[in-house]
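Here are a few exercises to work through with the coordinates open. Try each task before you read its solution.

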Amino acid sequence: MIYIVYLACFLISFIMQFFVMKYANKNRLYDMPGERKVHDRPIPRLGGIGIFIAFTAGFFFFGFSMQRNFMLIYAGALVLFFMNVFDDVVKGGINNKIKFLVQIILASILFYFGIKITVFLSSRVVSYIITLLWIVGITNSFNLLDNMNGLSSGIAMISLFFLSILMFTQGDLQLTKFALVLLFSIGGFFVLNFPNAKIFMGDAGSNVIGFVIACIAVSGQYVAVSRLTRLPVIAPILILSVPIYDTFSVMIIRKIKGYSIFRADTNHISHRLTRMGLSHKNSVLIIFLVGIISGLSGFILKDLYLYSALVVLGQIILFYILLTVLIYAGKKEED
């Protein structure tokens, strides 16, 4: 029965995309081609609506609304959803400062009600700062990663897969189901977005996905079944290392060039790979592979003793250093 619900989430999301495309085409709600865009024709940009409707169906079917923490996460996602649908639909949208303020408020509310990162910290202030940076950072990282067909949604599904099996091994079946509901809801959109996009998910999709994934990661108990004492708490960082790496690398490049860190550009990892001669599709597939490698590393941390875990961490760090050297040794963007 439970598998039928996941399939239903996939199908609801998939079917809703066609209604959304019809509405977007009728009202000319497109993501237009441009200098920083990889598509050469107008594409409907409201796919996040279909994802959220499917996610909502699974959320209420499993009775998550009866559990306070899940309801708080859903309420926060609902606020972000409506704010970003407005931003996707209305010309000019919403000021980024307002978006950040709303995200900070939502993260603060979650912290107040106990959805927070402790990492064995005794300081409530430090815990608040880390929780705030994590939720707001991951929320926006998936938005920034949404720059090629299937990239953000694909990495989201890979991350949710590893988070879900990690929660399952911890015995947290509710959090496992919660993650899988979102995973399959994204899947119904993904098949229409990659490799040839018929629809984009827009900010209403990427921001909500990032927010929910960040909250899922915060809610896990990573040392419950570990042979180690503390190291597995960084498992979410490894599982989500692709959006984290992409966000930090882009911010560093913009800072070096003297640009605002909020300025849109084509210095994301996906753009760098295409400038090395790879096709858009192959660039995305390589990033998927990176996500799988780092996700596997995060997942196995709980099963390793200290020295073995440190070796795995060292390998991942060296892997990203190698990736950085390769992509920045390629053809650079002309200023």
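Buried means under 20% relative accessible area, exposed over 50%, and partly exposed in between (1.4 Å probe, protein chains only). A quick note on ground rules: this is a predicted model, where local features need pLDDT of at least 70, side-chain atom pairs count only at pLDDT 80 or more, and totals for chains, interfaces and linings use all residues. Residues are numbered from 1 along each chain as its sequence is written, and side-chain values use heavy atoms, with hydrogens and water left out.

**Exercise 1.** Find the salt bridges, taking one as a side-chain nitrogen of Lys or Arg within 4 Å of a carboxyl oxygen of Asp or Glu.

*Solution.* 
- Step 1: the count comes to three salt bridges.
- Step 2: Lys-99 meets Asp-87 at 2.6 Å, N to O.
- Step 3: Lys-99 also meets Asp-203, at 2.9 Å.
- Step 4: Lys-302 pairs with Asp-303, with the closest N and O atoms 2.8 Å apart.

**Exercise 2.** Which residues are linked in a network of salt bridges, and are Lys-99 and Asp-203 buried or exposed?

*Solution.* 
- Step 1: the network links Asp-87, Lys-99 and Asp-203.
- Step 2: Lys-99 and Asp-203 are both buried.
- Step 3: Asp-87 is buried too, at 15% relative accessible area.
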